[in-house]
Amino acid sequence: MKAKNILFPLAGLLLAASCMDDAPQDVSVYGAIATAYETGDDDHYFELDNGKRMATTSNVNSNLVSDSDRVYITYTLNDKPVDGYDYNISLQSIDTVLTLKAKVYDTALPDTLGNDPMTIADGYLTDKWLNLQVSMPGYYSAHRLTLAKSAAVPDTDAGMIDVELRHKLDGDNYGFLGEIVSFDISGLKTAYPDKQGIRVKIKDHNANDEYNTYEYLFQAYSEPQITNVRQQRQ
């Protein structure tokens, strides 16, 4: 994994604004995870995870962002509407988001996946993506993250898919790496269609098992609410 020193809050992500007090007037700057799509004129628009689409007044460098890339963007909202879009924005910054595909094992999870410590700061779940903000020891180290389901292990909660987020650290423990990761969980959703969400097990920095539970959002294109995240320790 390529190291990135990014740590963006996900809670209230699509509508969580910070005000620029030193501007001539208060201008709210928003942050969101989105998917970038190319348009016919070699530009891009953004689709939020709740299905809303954003047109941008700023050109996006196609050498930096490709079609269907997951991105984290910051932006301001413009009053002037654009036909066919839900929002018209001025792009402030853009960064690609690491995307990984969830894996299903028929047997117990292999030790080769590692079980090094990490922290989940926040996250939310859709029918397609589990988006997590994670922190891991080892700023200059190589990291490998795997979201894995063992079909041989029964789910603890009948309504949740039990998965493990495994972390393999290759290197020193100097500093911490902050990262936003989008896990493609569409295969899990298809394999377990009657579940209401996902229960994620990790190893925390005290070598304890930690569980984070996320329920599916946006089935009816509702606005994001991250209050459904519950954390347990044992």
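A salt bridge is taken here as a side-chain nitrogen of Lys or Arg within 4 Å of a carboxyl oxygen of Asp or Glu. The model examined is predicted. In this model, Asp43 is buried but forms no salt bridge. The nearest side chain of opposite charge belongs to Arg53, 13 Å away.

Asp43 sits in the loop that joins strand 2 (28–38) to strand 3 (44–48). A polar atom of the Asp43 side chain lies 3.3 Å from the backbone nitrogen of Val60.

Asn173 lies between strand 12 (160–170) and strand 13 (176–184). Asn173 counts as exposed because its relative accessibility is 55%, and the cut-off for exposed is over 50%. Beyond its neighbours within four places in sequence, Asn173 is in contact with Pro137 and Gly138. Tyr140 is 33 residues from Asn173 in sequence, yet their C-alpha atoms are 8.2 Å apart.

Strand 12 also contributes to a pocket. The second largest pocket holds about 230 Å³ of space. Its lining comprises 15 residues, of which Val153, Asp162, Val163, Glu164 and Lys201 are the closest to the centre. Strand 12 supplies the largest share of this lining, four residues. At least two residues each come from strand 11 (142–150), strand 12 and strand 14 (197–203).

Conventions. Residues numbered from 1 in each chain as written. Predicted model: local features only at pLDDT ≥ 70, side-chain atom pairs only at ≥ 80, totals over all residues. Heavy atoms only, no water. Buried < 20%, exposed > 50% of the residue type's maximum accessible area, 1.4 Å probe, protein only. Lys, Arg positive; Asp, Glu negative; His and termini not counted. Polar contact = N/O pair within 3.5 Å; in protein donor to acceptor, adjacent residues only side chain to side chain. Contact = heavy atoms within 4.5 Å. 1 Å grid on protein atoms, 1.4 Å probe; cavity = no way out; pocket = protein on both sides within 12 Å on 5 of 7 lines; lining within 4 Å. Points joined across faces, edges and corners; volume = space filled by probe spheres on them.
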